[in-house]
Amino acid sequence: MKQKKTRKPLPTDRVSALVEEMGYECVEIKARTEQGRKVLSILIDTPDGVGVEDCETVSKHISSFLDARPEIFEARYFLEVSSPGVERPLHGPKDFLRFTGKKARLSISRQDSPKKRRLTGVIVAADNTAITLQLDDGTEEQIEIGRINKARLVFEQPSKERW
């Protein structure tokens with residue numbers, strides 16, 4: 001009988017705490033396998049944005065932490081540290097409150113169906129339980145945060161002013 005390998009959980013809380021101790025916001029941590037390689041991807045941010053030097057600093061620090069704990073990744077891994085970009089993922093009430101006034105794209109669960117619904121609009125209000133999204137047709141929809149499966153900011157090209 002083939003024994004199933006148990007996977008050790010990634011210490012995301014500890015990695016996130018290390019990033020935040022360095023003065024950065026840990027936006028997202030994801031582990032994936034890509035072409036047979038284990039990849040750990042970390043998105044960091046600050047109110048002023050992040051540069052290449054910031055990513056390098058965090059990468060060195062997290063790499064030292066992970067390399068000292070070979071039990072976390074049994075084989076070689078690749079570490080990616082980057083900014084969240086202009087279409088930043090949004091996680092939880094804190095992000096929705098911070099980005100009130102910005103356009104976002106959401107995937108939400110329907111209450112009456114297993115299918116998901118996609119919405120795009122401007123976040124006009126947010127609190128710990130719900131957000132209000134102004135849709136492109138001008139209507140507003142209140143959405144419970146617990147129904148949001150995925151959310152990202154939407155990059156909008158600044159309008160060009162005539163000379």
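**Charged pairs and their surroundings**

Guide: Helix H2 holds both glutamate 56 and lysine 60, which are four residues apart, about one turn of the helix. Helices (H or I, at least four residues) and strands (E, at least two) are DSSP runs, numbered from the N terminus. The model is predicted, so local features need pLDDT of at least 70 and side-chain atom pairs count only at pLDDT 80 or more, while totals for chains, interfaces and linings use all residues. Residues are numbered from 1 along each chain as its sequence is written, and side-chain values use heavy atoms, with hydrogens and water left out.

Glutamate 56 and lysine 60 form a salt bridge, with their closest N and O atoms 3.2 Å apart. The term denotes a side-chain nitrogen of Lys or Arg within 4 Å of a carboxyl oxygen of Asp or Glu. Side chains of opposite charge can pair when their charged atoms come close. Glutamate 56, at 41% relative accessibility, counts as partly exposed, whereas lysine 60, at 54%, counts as exposed. Here buried means under 20% relative accessible area, exposed over 50%, and partly exposed in between (1.4 Å probe, protein chains only).

The search of the whole structure finds 14 salt bridges. Another of them joins glutamate 80 to arginine 32, again with closest N and O atoms 3.2 Å apart. This pair links distant parts of the chain, since glutamate 80 belongs to strand S3 and arginine 32 to strand S1, 48 residues apart. Glutamate 80 has a relative accessible area of 33% and is partly exposed; arginine 32, at 30%, also counts as partly exposed.

A further salt bridge brings together the side chains of arginine 88 and aspartate 45, at 2.7 Å from N to O. Arginine 88 lies in the loop between S3 and helix H3 (92–98) and aspartate 45 in strand S2, so the pair ties together parts that are 43 residues apart in sequence. Arginine 88 and aspartate 45 are both buried.

S1, S2 and S3 form an open sheet in the order S1-S2-S3, with mixed pairing. Strand S1 (25–34) and strand S3 (77–82) stand at the edges with a single partner strand each, so one side of each is left without a neighbour in the sheet. From one strand to the next, the twist averages 15°; axes are lines fitted to C-alpha atoms, for helices over the stretch in contact, and angles run from 0 to 180 degrees between N-to-C directions. Two strands pair if DSSP finds at least two bridges between them. Strand S2 (residues 37–45) and S3 run parallel and are joined by six bridges, and leucine 43 has serine 82 in S3 as its bridge partner.

Helices complete this picture. Helix H1 (residues 12–21) packs on the sheet and touches S1 and S2, its direction making about 135° with that of S1; contact means heavy atoms within 4.5 Å. Helix H2 (residues 52–67), with which this account began, lies across S2 and S3 and runs at about 150° to S3.
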